[in-house]
Amino acid sequence: MITSKSPGMLLRVLYLFAVLDAACLLDTGMLFPRESSSREVKELNGLWSFRADKSPNRNQGFERAWYKSRLVETGPVIDMPVPASYNDVTQDPTLRDFTGWVWYEREVVVPSRWITDKGTRVVLRVGSAHYNSIVWLNGVKVTEHKGGHLPFEAEIGSLIREDPTMPCRITIAVNNTLNLDTLPPGSIQYLNDPTRYPDGFFVQNYYFDFFNYAGIHRPVLLYTTPKAYVDDITVVTDFLDNTGMVKYEVSVQGAAKATLKVTLMDKDGRCVASSDETSGVLKVADVNLWWPYLMHDNPAYLYSMEVRLMAADARATYEDVYTLPVGIRTVKVTNTQFLINNKPFYFHGVNKHEDSDIRGKGLDWPLIVKDFNLIKWLGANSFRTSHYPYAEEIMQMCDRHGIVVIDECPGVGIKDIRSFGNASLAHHLVVMEELVRRDKNHPSVVMWSVANEPAAEMPPAGYYFKTLIEHTKALDPTRPVTYITDSNYARDKGAPYVDVICVNSYFSWYHDPGHIEVIPIQLNTQFENWYGKYQKPIIQSEYGADAVPGLHSDPPMMFTEEYQNVVLESYHNVFDQKRKQYVIGELIWNFADFMTAQGITRVVGNKKGIFSRQRQPKSAAFILKERYWRLANATGRLPPWAKYPCSL
Ligand code: BDP
């Protein structure tokens, strides 16, 4: 029973209930696996056996059932690290550019107590694999998943118990083929002219500008829970004066009846609120809000919510403990501002990629930590997960460091009218469900982006984006929703449904190349047109220019560091006028150089990074650093340690 003396507080509590009622359309949770007194985690990272199916139809693995025996018995295998893209780890160009099924296999020794204790669930989880995946355990299919950047899992306890003497052989087949209904979409083109192409020649086409890295990109692990367990937790937060509110809902599986103890603890482990209900509102006196760093002298404050579940059946009693970090904050959009905790927030940040030498898109801790150090060196306060969801480990870093995130789904390159059909839309809705389910509890995530640069002027785009955005809002009514546009403001059919207009433009690069003098007028016109039509706040979600590190010219010429500098500075002059009105952010394209498909406009990848792919600064990085720290001073409330960025 919720009681409140203040009507303001009561209204807020009722709102939080309405919000949670609308969410949770998926029927199981996808909590990040964490160890606790009731849960064990066993990482399966390291070397796996690997074989690409290079048969003409890429189907030999299925025809000969490679999953039924050890992979080495089916033909030659090589070592393959997990997590990593497979493309860049060998010297074989046909593997780098491979399209089709590849097969991974690993044998695991499972602790015997997992097998003997029938009250233990054993779950196999893949953090992400690109794109279609099928998973077998000892030759028995346990799950499949479509989509490259989100986790999936299967319970395998009963299978490993069937014959405890057998090793536990995990086989995962992964196919990176993109078609018109996948996200991102693509198409396979066969080129049959025997005077020009070898027999069976085909290419994978796609309309996005990054290399289609493939393989098992994020950790594979086994984890346990008791038979009765905490399946999901949803938190929604608010505050009034100095009282914080954490509305929560716990979903329990494996027990008809369970007793819960929910405890919210502060940073020092002191209990600040508790409850015995599966859902409710925890009130926190003298709340420490979660603030973005550079905005407050006590940023990124995280509470811990410990959920302890007790249940029993005829045979045993079960206790499960799961602890979730919780940041208390609010997000709102007006027609000129983006408010975090009711204070205007200006995004001065970056667009990124999960991209590195050798590991491709594979999760790489040294790279992750280096990138966060560079983000802070730069004075950036935010990034967009262009153009797909990033690893959960990265989102957790954002929560802990106070970096604000626009969380983008893999809806990039939707350019063909057939990719607006029902099959595409249905899949896109599921992808948003999976993304919201995974990331809903991250305080760093302040907005969802459902797509990047779709062909939003095409007739079906209106219905498509209306449906997609409404669905996302139903899943999570607390966060604004957007997509990133490069369409004409007057013809963009999805823009009426977004909360924030996010525009990409490349004046003096793709248009009027070499003519920096056009930037002020064209950028001004862009902003005035969009704001005039929609009266919604605007983020410049991409702008930039390629610069090959070390290439110089004065006067500036395209592809030199000087040209990149002057493009950035010309944009900045306009941002400085408009940010006093309705421009609420600027995200440089791109944080670092990244790999793309080969083509005549790309010199070993896209060079619009302000850092090289090896994370060394180009001269533009220093321009941006100077600007971002100035913006932080002007728009934030700097913590004492951040007043002297040079000492960082
Ligand atoms: C934008 C895309 C981005 C590209 C960038 C570019 O959103 O993915 O990499 O252009 O061409 O249109 O550099």
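## Nonpolar cores

Of the 94 residues in the largest nonpolar core, Phe383, Met432, Phe465 and Ile610 touch the most other members. A nonpolar core is a set of buried Ala, Val, Leu, Ile, Met, Phe, Trp, Tyr and Cys residues joined through side-chain atoms within 4.5 Å; buried means under 20% relative accessible area with a 1.4 Å probe, protein chains only. Helix α12 (residues 619-635; a DSSP run of H or I, at least four residues) supplies the largest share of this core, seven residues. Another core, of 49 residues, lies apart from it and includes Ile233, Val246, Met295 and Phe338.

The model is predicted: local features need pLDDT of at least 70, side-chain atom pairs count only at pLDDT 80 or more, and totals for chains, interfaces and linings use all residues. Residues are numbered from 1 along each chain as its sequence is written, and side-chain values use heavy atoms, without hydrogens and water.

## Largest cavity

The whole structure holds seven cavities of 30 Å³ or more. A cavity is a set of points on a 1 Å grid over the protein atoms alone where a 1.4 Å probe fits but cannot get out; lining residues have an atom within 4 Å of a point. The largest has a volume of about 180 Å³. Among its 17 lining residues, Phe32, Leu324, Arg438, Asn441 and His442 are the closest to its centre. Domain 1 (7-30 + 227-326) and domain 3 (343-647) both contribute to the lining, so this cavity lies between them. The domain bounds come from an automatic or database assignment.

## Second largest cavity

Helix α6 (residues 365-378) gives the most, five residues.

Technical notes: Buried < 20%, exposed > 50% of the residue type's maximum accessible area, 1.4 Å probe, protein only. Helix = DSSP H or I, 4+ residues; strand = E, 2+ residues; numbered from the N terminus. 1 Å grid on protein atoms, 1.4 Å probe; cavity = no way out; pocket = protein on both sides within 12 Å on 5 of 7 lines; lining within 4 Å. Points joined across faces, edges and corners; volume = space filled by probe spheres on them.
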